[in-house]
Every structure is written in structure tokens, then in C-alpha cells.
Amino acid sequence: MGEITTVYETINQNLYIISTVLFIVVFIVFLIGSYLIERKTLKKTFKTRNIALMALLIALSVVLTNALGYSFFIFGGTIRLALGNFLIFVIGMIFGPFTGMISGLLSDTVGTLINSGGAYHFGFALAKALFGFFGGMVFIFKTNKL
């Protein structure tokens, strides 16, 4: 019986490593793609005022996700409504997909450091980074023509 448990633990560890590497590869592909989309406007984005605004929104996102998240019961399970994910989407809409992905990654990392309820998994950081990416894709190809 002990040998079966060690086999399952080994398989579980291998799946964890494979999924983490896969999530990192997907994150890097999306990050490079978003950089290539907006590489001409990044000098305007990373000014002192904009960086301060991004840091403020990231900190507010961490607080709204970890401290003020709302949990409710439905059908015997718990659903957690994290209000801070909307701010990551807004950062992506304002500053673009590259900055949205970076802010999603930073928000999840800081939130995990503050509220460590378990082990850090890159898949959750990828989900928040994709919030920022898709928020940036909302207005990336918009023109002002009517």
C-alpha cells in the first residue's frame, strides 16, 4: 500500500511541474505578443506619473482581492467574488496589454505574499495576467474615426 502512495505522489509532483512549465510558456508567449503589439507606445506608457498610477491601482487590486473579497454559498459550494480583478482589467484598458499582463502578475504575486493561504502556483498568476491582457486588447485597435 505504501508503494502505491509513493507512485501517486510522484505522478502528482510531475504533473505539478509540467503544468507550471506549461503556464510559464503560455505567459511568455502572451507577453512577447503583447510587447510586439504595442512596442511603439511603451515609451509614453512608462512615465513617472503612469507608473505611480499603475502602482496605486495594483495595490488597490491586492486589497480588494485579498481583504475585501466577497464569498457566498451556492449549491453547496463557495464562490469567491474577487473585486480586484476588475482593476487589473482596467489597467490593461488604460495602459495596454503588456502593462496589463505585468500588473496582473505583480498583483497576484504581492497578494500571495501578503495572504499566503497555500503554495504559489503560476496558473493563478497567468489567469490574472490574462485579465490584463484581454483588458488591453479591448481598445488596442480602436481608431477615432466615426
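**Order of elements.** I started at the N terminus and followed the elements of the protein, which run α-α-α-β-β-α-α-α. I then noted the totals: six helices and two strands. I am reminding myself that this is a predicted model.

**Overall span.** Next I looked up the extent of the C-alpha trace. Along its principal axes it spans about 70 × 35 × 30 Å.

**Burial and surface.** How many of the residues count as buried? I found that 32% of the 146 residues do. For the accessible surface of the protein I wrote down about 9900 Å². Carbon and sulfur atoms hold 72% of that surface.

**Contacts along the chain.** I looked at contacts with a separation of 6 or more, and 69% of them come from residues 24 or more positions apart.

**Charges.** I looked up 10 positive and 4 negative charges in the protein. Their mean positions lie 33 Å apart.

**A stop at Met54.** Where is Met54 found? I located Met54 in helix α3, which covers residues 48–66.

Is Met54 buried or exposed? Met54 counts as buried because its relative accessibility is 7%, and the cut-off for buried is under 20%.

Which residues does Met54 touch? Leaving out residues up to four places away in sequence, I listed Thr45, Phe46, Ile91, Phe95 and Thr99.

I also checked Met54 against Leu83. The two are 29 residues apart in sequence, and from C-alpha to C-alpha they are 17 Å apart in space.

How values were computed: Residues are numbered from 1 along each chain as its sequence is written. This is a predicted model: local features need pLDDT of at least 70, side-chain atom pairs count only at pLDDT 80 or more; totals for chains, interfaces and linings use all residues. Side-chain values use heavy atoms; hydrogens and water are left out. Helices (H or I, at least four residues) and strands (E, at least two) are DSSP runs, numbered from the N terminus. Buried means under 20% relative accessible area, exposed over 50%, partly exposed in between (1.4 Å probe, protein chains only). Contact means heavy atoms within 4.5 Å. Accessible areas come from the Shrake-Rupley method with a 1.4 Å probe; for residues, only the protein chains shown count as cover. Lys and Arg count as positive and Asp and Glu as negative; His and the chain ends are not counted. The place of a charge is taken as NZ of Lys, CZ of Arg, CG of Asp or CD of Glu.
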